[in-house]
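Student: Please give me a close look at the inside of this structure. I would like to follow the residues there one by one, together with what lies around them.

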Amino acid sequence: MHRPVLKLPSWLPVDGFILALVGTVGLAALLPARGPAGSVAEGASTGAVALLFFLYGARLSSREALDGLRHWRLHLTVLACTFVLFPLLGLAARFLVPEVLPPTLYTGLLFLCLVPSTVQSSVAFTAIARGNVAAAICAGSFSSILGIVITPLLAGLVLHGNGAGFSAGSLLKIVCQLLLPFLAGQLLRRWIGGFLTRHRKALGRVDRGSILLVVYAAFSAGVVQGIWHQVSALRLLCLLGVEAVLLAVMLTASSYGAGKLGFGRADRIAITFAGSKKSLAAGLPMASVLFGAQAGLVVLPLMLFHQMQLMVCAVLAKRMAAGTVPEPRREGAPAAASAGPGGAAEATAAVAAGQQPSGPRTLGPRT
């Protein structure tokens, strides 16, 4: 007799990486790195951040990204959602402090609003909803590239006095740990790009392992300093409520705004998903550079928002696909602009497995 197995509904994706992150946080809470071990963890975290951005640069196809510039109106719309509207909403949430959110969680919420968009989940959900996949890939790639500069710059402007700023030391860290490795990856892509493509799955594990190391180091430092006593369960519930409102506003604004700007259905779908997402893979290492020992609490809103956006957008994308008929492909449009049922199934499987859906080989940060 077979015992019933408890399974989550297919429309409710729980990212396995999030479970790994939760486990890493629990390990840091129980066995934080202290003293010499803490110094080793901090050094390893620094190296992991540099490795991550080197791989991001080496994977990103500059030529394919430049080919997407013909959709400049779409990309500007996504960038405006990511780096203008999101930060403005984050600044508007300042009135919630301290009654709803403590200053530490508000800092994390505001940092979440400054992080670039994601490539993988934007592409997957755009494919499921039968939108312009090629545009989603390019939009996510542009956001990831510009975010290396724009996110630290915005953090220095709006988070000054909250643990982030543009001192000479922080600027040097940003250049050495983020920008230089990324540029090195771009320069070496000509020679190592084929190797990275062939070993994409194994290198994906390196990506995620590096991020888990960064999270362990950041949360260990927070545990040692006692910052977790500053947050109660009630405040975490309040944070979830605020993030739900933030995601709903961004999904509505990006979709409605794209329609008002005259974009077709396929492009509106790409804008909706790329313009409402935030990248966990880019945000975690950036936070470790900008906030140091305070990064543990700062990245908590981003981790929660990441899982929330996966769950909500999975439902939304499948409803879009079920309720509409794909538009005929315009002459001269990219072949990947819309995904049929096969593409939707492949994208669903890819996002569940933490892999890049098929399509053009422009690869940026994976989450």
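Tutor: A residue counts as buried when its relative accessible area is under 20%, as exposed when it is over 50%, and as partly exposed in between, with a 1.4 Å probe and protein chains only. By that rule, 51% of the 367 residues of the protein chain are buried. Residues are numbered from 1 along each chain as its sequence is written, and side-chain values use heavy atoms, with hydrogens and water left out.

The protein chain has 15 helices and zero strands, where helices (H or I, at least four residues) and strands (E, at least two) are DSSP runs, numbered from the N terminus. A contact is made when heavy atoms lie within 4.5 Å, and among the contacts of the protein chain with a separation of 6 or more, 87% are between residues 24 or more positions apart.

Let us begin with helix α4, which covers residues 72-92 and has the highest mean pLDDT among the elements of the protein chain, 95. L74 lies in this helix and is buried, because its relative accessibility is 2%. Leaving out residues up to four places away in sequence, L74 touches A135, A139, F263, D267 and I271. One of these, D267, is 193 residues from L74 in sequence, although their C-alpha atoms are 7.4 Å apart in space.

T126 belongs to helix α6, residues 120-128, and is buried, since its relative accessible area is 0%. Beyond four places in sequence, its contacts are G131, N132, V133, A136, I269, A270 and F273. R130 has a positive phi of about 65° although it is not a glycine. Most residues other than glycine have a negative phi, and most peptide bonds are trans. A cis bond does occur here, from V97 to P98, with omega near 0°, and P98 lies in the loop between α4 and α5 (103-114).

In helix α2 (residues 35-59) we find A58, which counts as buried because its relative accessibility is 0%. Apart from neighbours within four places in sequence, A58 is in contact with G185, Q186, R189, I192 and L196. The C-alpha atoms of A58 and F182, which are 124 residues apart along the chain, are separated by 7.4 Å.

For contrast, consider L213 in helix α9 (residues 200-225), which is partly exposed, because its relative accessibility is 30%. L213 still makes contacts beyond four places in sequence, with A44, S45 and A48, and its C-alpha atom is 9.2 Å from that of E42, 171 residues away in sequence.

What is found when the whole structure is searched for disulfides? The search finds zero, where a disulfide is a pair of cysteine sulfur atoms within 2.5 Å.

The protein chain exposes about 16400 Å², of which carbon and sulfur atoms supply 68%; accessible areas come from the Shrake-Rupley method with a 1.4 Å probe, and for residues only the protein chains shown count as cover.

Finally, how confident is the prediction? The mean pLDDT of the protein chain is 78, and 77% of its residues reach 70 or more. Helix α15 (residues 341-353) has the lowest mean pLDDT among the elements, 39. Over residues 325-366 the pLDDT stays under 50, and for this stretch the model has 90 contacts beyond four places in sequence.

Definitions and conventions. This is a predicted model: local features need pLDDT of at least 70, side-chain atom pairs count only at pLDDT 80 or more; totals for chains, interfaces and linings use all residues. pLDDT is the predictor's confidence in each residue, from 0 to 100.
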